[in-house]
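The exercises below are meant to be worked through with the sequence and the structure side by side. Each task is followed by a solution that goes step by step.

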Amino acid sequence: MQQVAKQSWQLVAMIGPGILWIVLFLVLPSLFLISIAFLSNDPYGLPVMPMTFQAFRELAGFGLLGWSPANIHTLWRSVWQAGFATLLVILISYPIAYYITTRPAHLRPLMLILIVLPSWTNQVIRAVGWMNLFSPGTPLANAAAAVGLSEPQMGLFPSQFAVVVGLVYNFLPFMVLPLYAAFERLDHVQVEAARDLFANPLRAFFAAVLPQTLPGLLAGTVLVAVPAFGMFVIPELLGAGRSTMVGNLVARQFSDGANWPLGAAAALIMILFTLLGLFVLKRAARRLGGEREMML
Amino acid sequence: MPPLIANGVRYASAIAVRDLCRTFPGGVVALDGVDLDIQAGEFFTLLGPSGCGKTTLLRILAGLEYADGGSVEIGGKSLEGVPPHRRSVNTVFQSYALFPNRNVRENIGFGLQMQGFKKPVINERVEAMAELTRVHDLLERRPEQLSGGQKQRVALARALVNEPDVLLLDEPLSALDAGLRAQLQVELQRLQRRLGMTFVFVTHDQQEAMVMSHRMAILHEGKVQQVGTPQAIYEKPATRFIARFMGHQNVFQVTARGSDEISADFGCLNGSFADGSYVLLRQEALELRAGVSHGNNQLQAKVDECLYRGSVAEYRLICGNARLTASCHNRGQGLFAPGEAVTIEVAPEAVAMLSG
């Protein structure tokens, strides 16, 4: 009996801190968030009793002045901007990651550091950098106006374009790194086997290269799409209120807009969408056979 | 396309390799003017130590590697500039290179699928080939669920199902354990004889090469050293390098040469010998007798070591100024003890002259 008691104490000592951590910093805040979302909003924006669905009604657009689609638009815009940015990040990162693996071994770490280096700078500073590049009167803005891509004197910022550029720039390293890891482990003989078995270069790519890099691609997609969906700083600065995303909607309810229950409800919906996205991705991964190596 | 291989392939192609050269970036010379003629329907082996260029030659035939100079023709058609997917040549890779995300059926059918065959045709031919290579019970498995030997068979089926003009095999048995390897050597040989397809097999294992090949080429430092049947190459190696590589241990420089005799460190032999500055005594063709006798082509020796291997006993002998090895078949005649004096009987067939 003593032996068993001792063992269970050891067990508690080992997993106890972890459980405590999860309860304190995940379970309790989540419960807190959920309960706030179902409370009423007092005149100062703080949550009060009684329990109600008021926040969710507001989120769906039912306000004092009737129904407005603004929040739904914001949600849709978040999905669209994050998805589009993720797609661009994939298209840009894939060749970059492959190119790095073809370089001599001593150059590769340097090239990876060059990819990662910008992300060590503060996000706000990087966004302000893009603001300066895209402002009216800058060479880039003038060039865009000259070929008719933007109105003269308007600049490229603030715009949805600037937000997507900011997102792509911000999340590029998170896609390049897992893809690089996948490319570095690539079994080139499989590619040769496909070529040998009558596959032209394009079909050999889809038969032998893509499946092998899929785990990296999926990992990168999770690392990019999820935070991009909830991104707050970039749409705030580069979109200047025109391209707000759910992150901005949430942030506003806890600051100027002061409506905690509405903010909590929006945050909950955001989490639900994220989980839904991960679920879809996991299903896709299973069908494509990359699931085992994907850590979800 | 007629139904699958049952009684021989529709056609087999001859291969002509002319003055083929390949130097890798960095200056390593892989092929240095290789000329080869491989006949249609032949089991031809490229044999040599690692780094001799045999795999590079195979890869050039497959189109996976470029040649710097020279030409390759298969079935009389030049392969210059033909990409791998347009060559009727398929390869069994050393690492098998099965596609891990496809099951066995999809792996074997891959080449047919890429050639645009319809599903029913692919299924029929995949199943027939799976039967032939004895993997028909594994069709729905994934490569990770297969043993080494099974993977090997699937890789073979995946290449053969396309009925290529030439099948290339890059050390396909080297990852298998000895027993399985011997079994697959026999199977592979039977399959080739039955199909009549041209096989080009790469290996560094001379036993394996001899068991399976019709003819073989010895490659060394990017050059073809000798081409011939296994028997010709084993019994009459052209050079010291080939003799050593084929497993011969008794190679000596000729020290003196008369009209019908040669001398080396081990003593003197009488007979009419071919030209050559080195002499090879095949260890398994030497006969040992107890005691000392001084006849024609008899050498006196002392047993230094005896290595008992069951079917043979291998003796290390001291003979004149030389050390000789003799392998004696164990017919129950008993063993010579270290220190014992013996007489080596050298039959004319046991001697081969080497040029360099």
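**Exercise 1.** Are α4(A) and α7(A) roughly parallel or roughly antiparallel to each other?

*Solution.* Before starting, note that this is a predicted model, in which local features need pLDDT of at least 70 and side-chain atom pairs count only at pLDDT 80 or more, while totals for chains, interfaces and linings use all residues. Residues are numbered from 1 along each chain as its sequence is written, and chains are lettered from A and ligands numbered from 1 in the order in which they are written.

Step 1: find helix α4 (residues 108-116) and helix α7 (residues 160-184) in chain A, which pack at an angle of about 155 degrees with their axes 9 Å apart. Helices (H or I, at least four residues) and strands (E, at least two) are DSSP runs, numbered from the N terminus. The axes are lines fitted to C-alpha atoms, for helices over the stretch in contact, and the angles run from 0 to 180 degrees between N-to-C directions.

Step 2: apply the cut-offs, by which angles under 35 degrees count as roughly parallel, over 145 as roughly antiparallel, 65 to 115 as roughly perpendicular and the rest as oblique. α4(A) and α7(A) are therefore roughly antiparallel to each other.

Step 3: look at the residues that meet, with A:Leu112, A:Ile115 and A:Val116 on the side of α4(A), and A:Leu172, A:Pro173, A:Val176 and A:Tyr180 on the side of α7(A). Contact here requires that the C-beta atoms of two residues, placed from the backbone, lie within 7 Å. By class, this contact holds 7 nonpolar residues, no polar and no charged ones; Ala, Val, Leu, Ile, Met, Phe, Trp, Tyr, Cys and Pro count as nonpolar, Asp, Glu, Lys and Arg as charged, and the others, Gly among them, as polar.

**Exercise 2.** Describe the side of chain A that touches chain B.

*Solution.* Step 1: the contact takes 15 residues from chain A and 15 residues from chain B. Step 2: on the chain A side, α8 (188-196) and α9 (201-229) each supply at least two residues, and the largest share, 6 residues, comes from α8(A). Step 3: sorted by class, this side of chain A has 8 nonpolar, 3 polar and 4 charged residues.

**Exercise 3.** Locate the domains of chain B and the contact between them.

*Solution.* Step 1: chain B is divided into domain 1 (15-244) and domain 2 (253-354), with bounds that come from an automatic or database domain assignment. Step 2: taken over C-alpha atoms, the centres of these two domains of chain B are separated by 39 Å. Step 3: 7 residues of domain 1 of chain B are in contact with 4 residues of domain 2 of chain B, and those on the domain 1 side divide into 3 nonpolar, 1 polar and 3 charged.
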